[in-house]
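Please keep the viewer open as you read.

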Amino acid sequence: MKKENVIVVIGAGSIGQAIARRVSAGKHILLADLRQENNDSAAKVLSEAGFEVSTTIVDVSSRESVHALVETAMAIGGITGLIHAAGVSPSQASPATILKVDLYGTALILEEFGNVIESGGSGVVIASQSGHRLPSLPAEQDKALATTPTEDLLSLPFLQLDQVKDSLHAYQLSKRGNSLRVKSEAVRWGKRGARINTISPGIIITPLAKEDLAGPRGDGYRRMLEISPAGRAGTPDEVGIVGALLMGQDGAFITGSDFLMDGGVTSAYWYGELAPKPE
């Protein structure tokens, strides 16, 4: 019997699905989400489009849960792809929860899947333009975010809640940490013949983004889009195109990299009309 090639998709939302559709033909998709209803909805769409799909529950902030996900995937076949698109946004969660899910959870996934990824395998982590909105950190903080052992990560002094100002600051630190962590993990993954990269999307129209646009931060988000060079939000399919490049043979020379795709919002933030005014 032919050994299955497994693509693990963590976070069953629009972006994870969009990448999965482009890289999973002839492979087995294992969808993992915190909520079974999200898994069921995504599995229906993907299976009706001809993909072979299984589902499981995962809490990315729990080592036991992430390890169980790895075991579930390996029971199906060899893990040749990882798409990590789960997380919480500043409008959804407290600073402590954001750091636990988005920062620690991502480090945990990179560690656990980096132990078992097949030679020739590849992965993408969905970070955020927010990681590019944070001013440069001291070199020692960059290195700490990249290389501190996973279980010690949340004990770093500059991540304590008296240092992290609010949920947005926690999110920016987490997403900066994701891209740095991937840069470091790319070295370890490379020893297994595998690659790992991050994508840092801007505002992509998903159900969550629609909630954010209708919420208390909505005016700011709309202004970002209006002033950005592209003048619009992105679509999950556009992220899917970049994800397919990074995970496929055309991206075989790309690893440890972060791809900012935000319609120029970050450019406008640092050098255009969105730039913070001097005090």
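This is a predicted model: local features need pLDDT of at least 70, side-chain atom pairs count only at pLDDT 80 or more; totals for chains, interfaces and linings use all residues.

Residues are numbered from 1 along each chain as its sequence is written, and side-chain values use heavy atoms, with hydrogens and water left out.

**The whole chain**

The protein chain holds 10 helices and 7 strands; these are DSSP runs (helices H or I, at least four residues; strands E, at least two), numbered from the N terminus.

| Property of the protein chain | Value |
|---|---|
| Buried share of the 279 residues | 53% |

Here, buried means under 20% relative accessible area with a 1.4 Å probe, counting protein chains only. Of contacts (heavy atoms within 4.5 Å) between residues at least 6 apart in sequence, 76% join residues at least 24 apart.

**Helix H9**

Helix H9 covers residues 236–247, and its 12 residues reach 16 Å from first C-alpha to last, close to the 16 Å expected at 1.5 Å a residue; that expectation is 1.5 Å times one less than the number of residues. Its buried residues are Pro 236, Val 239, Gly 240, Val 242, Gly 243, Leu 246 and Met 247. Seen down the axis of H9, these buried residues fall within an arc of 165 degrees, so they line one face of the helix; the arc is taken from the directions from the helix axis to the C-beta atoms. An α-helix has 3.6 residues a turn, so residues three or four places apart point the same way.

What do the buried residues of H9 pack against? Their partners are helix H1 (14–23) and the strands S4 (77–84), S5 (122–126), S6 (195–201) and S7 (258–261).

Definitions and conventions: Buried means under 20% relative accessible area, exposed over 50%, partly exposed in between (1.4 Å probe, protein chains only).
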